[in-house]
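Welcome! Have the model open beside you and take your time turning it around as you read.

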Amino acid sequence: MSTVANPTYRRRVGYQSGLLGGFALVAAALLVMGDIATRDAIAEREAEDLLASLQQVLPEDLHDNDLLANTIQLPATAAVVPEGSVTVYRALQGLDVTAVAFDVTGQGYAGPIHVLLGIGVDGRVLGARVLAHAETPGLGDKIEIGRDDWILSFDGRSLDDPQPARWAVEKDGGIFDQFSGATITPRAVVRAVKGGLELFEANRDALTASAVLTTDAARED
Amino acid sequence: MSKTETETPKTDWGRIAKDGTWDNNVVFAQSLALCPLLAVTGTATNGLGLGLASTFVLVMSGLMVSLLRGIITPEVRIPVFVLIIATLVTLVDLGMNAWMHDLHKVLGLFIPLIVTNCAILGRAESFASRNGVMASGFDGLMMGAGFTMVLVGLGAVREIIGSGTLFADASMLLGEGVHFLELTLIPDYRGFLLMILPPGGFIALGFLLAGKRLLDARQSTRMRLRAAPAAAEG
């Protein structure tokens, strides 16, 4: 090598484009390798996360099945479920459905708020947990269980408890607290949970039908 | 190559450290990286998280660019640097998600933001592409330290005024051992929304910048006063 910064061949277009193309190729190859090396581990971690959230909204003593295995798909009809179809996780006791859980989405202050909602067969909320949101830190993030107990105020509620008109934040004449400085966020969560309950009510028969047809015979013994 | 290296004076590590943390600080002196800075410094903990992740990428990109500086031509250097940095950030993101999942849940939000941090491209361009591997890595470390310092400082100011706490939820980032850091400075504080939102970031940053200028100005006056008698004698 010499101290000349730029030997002549390096000034050619061929070297330049080869260099850039080469780097792009190496970068792409590295990313593919990185993806392959981490894909399974990431999927596993995400399944663990989902299971951990599911266990918070579907109490342990209500089911004896693998929550991630016994899912059914429900077409997305209500405004509160993500487009396409919604995956419903079922808690089974033997073959009887004791509770279901699925994702509902509310429109928050800074984008969608994903709430995992657990509902018992009697139509009462077993638990709700915010899975993902982009609300203002320090204000809207009180909907997270790790920061505030607010989300627990849905436990045991159903569509007629409170009355439909009272299914709202206090500012709108409802029974649920809002946070100082943030009304849109709790309003969105309340709306999402109520929408989820309505979805459950509309599909109650399909959701709570015995799991005989969808569960493999191995479970029988 | 060998000739240039023998000619270059030995690396001035102290100079690099001082440049990175103060004189040529990413935010204070270069006013770079304001976008991620203002977005995440609502709390000191978030600032620390972004600072640590950025430092890691700064060091890695410094090492890589410095290693490859022999074959990269000036004409295509910018796209090549961008490729290196983006690849690094993506790999860090994937690796953390797979093997440090709990940390990723807290920091994951900030990692893609690092790509938007022009300070990293800036250091690749102005330092790593002209200096040795060790010096570039050290420069990345010091620049990262300076950036982290500002992030934590700004986050602390905004958090104290905005929500009355300091290092809230630090244990989510650093583990259970740091609960002592989590302080509630103003009990029953109702919060000051402006400071948590981006405008509050600009305001707090303005005061921090003014403070740094004030310190620098005072120091240079003192230096001049000290130099003056010596000059008179000479």
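**A first look at the two chains**

Of the 234 residues that make up chain B, 38% count as buried. Keep in mind that this is a predicted model.

**Chain B**
- You can find 12 helices and 2 strands in chain B.
- Following the sequence, their order is α-α-α-α-α-α-α-α-α-β-α-β-α-α.
- Along the principal axes, a box of roughly 65 × 60 × 30 Å holds the C-alpha atoms of chain B.
- Take the contacts in chain B between residues at least 6 apart in sequence: 77% of them join residues at least 24 apart.

**Where the chains touch**
- On one side are 24 residues of chain A, in contact with 29 residues of chain B.
- The chain A side of this meeting place consists of 12 nonpolar, 9 polar and 3 charged residues.

**Helix α1 of chain A**
- Helix α1 of chain A covers residues 13–57, which is 45 residues.
- At 1.5 Å a residue, α1(A) should span 66 Å, and its end C-alpha atoms are 61 Å apart, so the two values agree.
- At Thr38(A), α1(A) bends by about 45 degrees.
- Which residues of α1(A) are buried? They are Leu19(A), Phe23(A), Ser53(A) and Val57(A).
- The cover over these buried residues includes β3 (96–108), β4 (111–120) and β5 (125–132) of chain A. Chain B contributes to that cover too, with α5 (77–99).

Notes. Residues numbered from 1 in each chain as written. Chains lettered and ligands numbered in written order. Predicted model: local features only at pLDDT ≥ 70, side-chain atom pairs only at ≥ 80, totals over all residues. Helix = DSSP H or I, 4+ residues; strand = E, 2+ residues; numbered from the N terminus. Buried ≥ 20, exposed ≤ 12 C-beta atoms within 10 Å, placed from the backbone. Contact = placed C-beta atoms within 7 Å. Nonpolar A, V, L, I, M, F, W, Y, C, P; charged D, E, K, R; others polar. Expected span 1.5 Å × (residues − 1). Bend = angle between axes of the 7 residues up to and from the residue.
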